[in-house]
Amino acid sequence: MWDREIKAMASAHAIVASGVFSATVLPSMLVRGFSVYGTHLLWLYSVAGAVAVVNVAVFWLLGISQPTKRHTLSHKLSRLVRSCLYLLLSCLFYHTVVVLYGAPLIESALETFSLAVLLTSLTTLRCLCVLGPNVQAWIRVFSRHGAMTVWDTSLQITVACTVVGAWLGAFPIPLDWDRPWQVWPVSCSLGSLIGFLTGLVAAPMWIHYHRKQLTYKCK
């Protein structure tokens with residue numbers, strides 16, 4: 001049971017990582033002048049879109065999302081509307097937090113909001129795919145000892161790695177090295193993506209090596 005779930009997770013994470021790679025490589029073949037630095041916002045939205053599409057497809061095919069007792073059309077539409085609202089609120093939340101941490105308020109508002117969109121696609125969207133628009137489930141998963149499945153633990157690891165990566169990415173910006181990747185928000189975008197990819201690799205490995213200590217109980 002454990003091995004099957006961990007292998008499914010590793011495969012899903014590999015597909016998501018390949019989506020990030022494709023979002024970087026394929027546009028460079030189709031769009032003249034496309035690059036991570038030169039057309040950073042285009043690259044950022046390309047990665048965010050690819051991660052969103054691949055995450056939704058993979059988790060839907062695996063059937064990871066929490067089951068719902070009601071299957072009516074109105075209930076499904078309600079879940080869709082709430083999920084979209086969560087995504088919008090997440091973008092506004094990340095934008096506000098980044099500004100409070102020192103990002104330009106007006107001068108680079110588009111760049112700051114674009115970083116918020118990327119962070120939302122790497123964290124919030126993944127939570128929606130696994131937990132659905134359920135605030136109680138989110139609070140449970142991100143509380144101490146709140147994970148009930150290996151996918152909950154994976155969420156904890158990937159979200160933490162993504163946020164820490166974005167935070168660490170801000171450190172080189174004030175330095176006077178005059179490098180292209182120091183332009184806002186390039187280093188934070190790269191940091192969050194590197195953190196996300198690190199989480200994708202670390203999650204199944206950590207769960208595999210600690211599977212004897214992990215005991216999930218229904219609460």
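Buried here means under 20% relative accessible area. By that cut-off, helix α2 of this predicted model has among its buried residues His40, Trp43, Leu44, Val47 and Phe59.

**Helix α2**
- The rest of the buried set in α2 consists of Ser46, Ala48, Ala50, Val51, Val54, Asn55 and Val58.
- The end C-alpha atoms of α2 are 32 Å apart, which agrees with the 33 Å that its 23 residues should span at 1.5 Å a residue.

**Helix α3**
- From first C-alpha to last, the 28 residues of α3 reach 40 Å, close to the expected 40 Å at 1.5 Å a residue.
- Buried positions in α3 are His75, Ser83, Tyr86, Ser90, Cys91, Tyr94, His95, Val98 and Val99.
- These buried residues of α3 pack against α4, α5 and α6.
- Glycine 102 follows α3 and has a positive phi, near 115 degrees.

**Nonpolar cores**
- In the largest nonpolar core there are 42 residues, and those with the most contacts inside it are Val47, Val130, Leu131, Trp138, Trp151, Leu193 and Phe196.
- Two or more residues of this core come from each of α1 (2–30), α2 (40–62), α3 (73–100), α4, α5 (135–141), α6 (150–169) and α7 (186–209).
- Another core, of nine residues, lies apart from the largest one and includes Ala116, Leu119, Trp184 and Cys188.
- Beyond its neighbours within four places in sequence, tryptophan 138 is in contact with Tyr86, Thr124, Cys127, Leu128, Leu131 and Gly132.
- In soluble globular proteins, nonpolar side chains tend to be buried together.

**Salt bridge**
- The count of salt bridges comes to one.
- Arginine 140 and aspartate 152 form a salt bridge through their side chains, at 3.2 Å from N to O.
- Because arginine 140 lies in helix α5 and aspartate 152 in helix α6, the pair ties together parts that are twelve residues apart in sequence.
- Both arginine 140 and aspartate 152 are buried.

**Threonine 123**
- Threonine 123 sits in helix α4, which covers residues 109–131.
- Its relative accessibility is 2%, so threonine 123 counts as buried.
- With neighbours within four places in sequence set aside, the contacts of threonine 123 are Tyr94, Val159 and Thr162.
- One of these contacts, Tyr94, is also among the buried residues of α3.

Note on methods: Residues numbered from 1 in each chain as written. Predicted model: local features only at pLDDT ≥ 70, side-chain atom pairs only at ≥ 80, totals over all residues. Heavy atoms only, no water. Helix = DSSP H or I, 4+ residues; strand = E, 2+ residues; numbered from the N terminus. Buried < 20%, exposed > 50% of the residue type's maximum accessible area, 1.4 Å probe, protein only. Contact = heavy atoms within 4.5 Å. Core = buried A, V, L, I, M, F, W, Y, C linked by side-chain atoms within 4.5 Å. Salt bridge = Lys/Arg side-chain N within 4 Å of Asp/Glu carboxyl O. Expected span 1.5 Å × (residues − 1).
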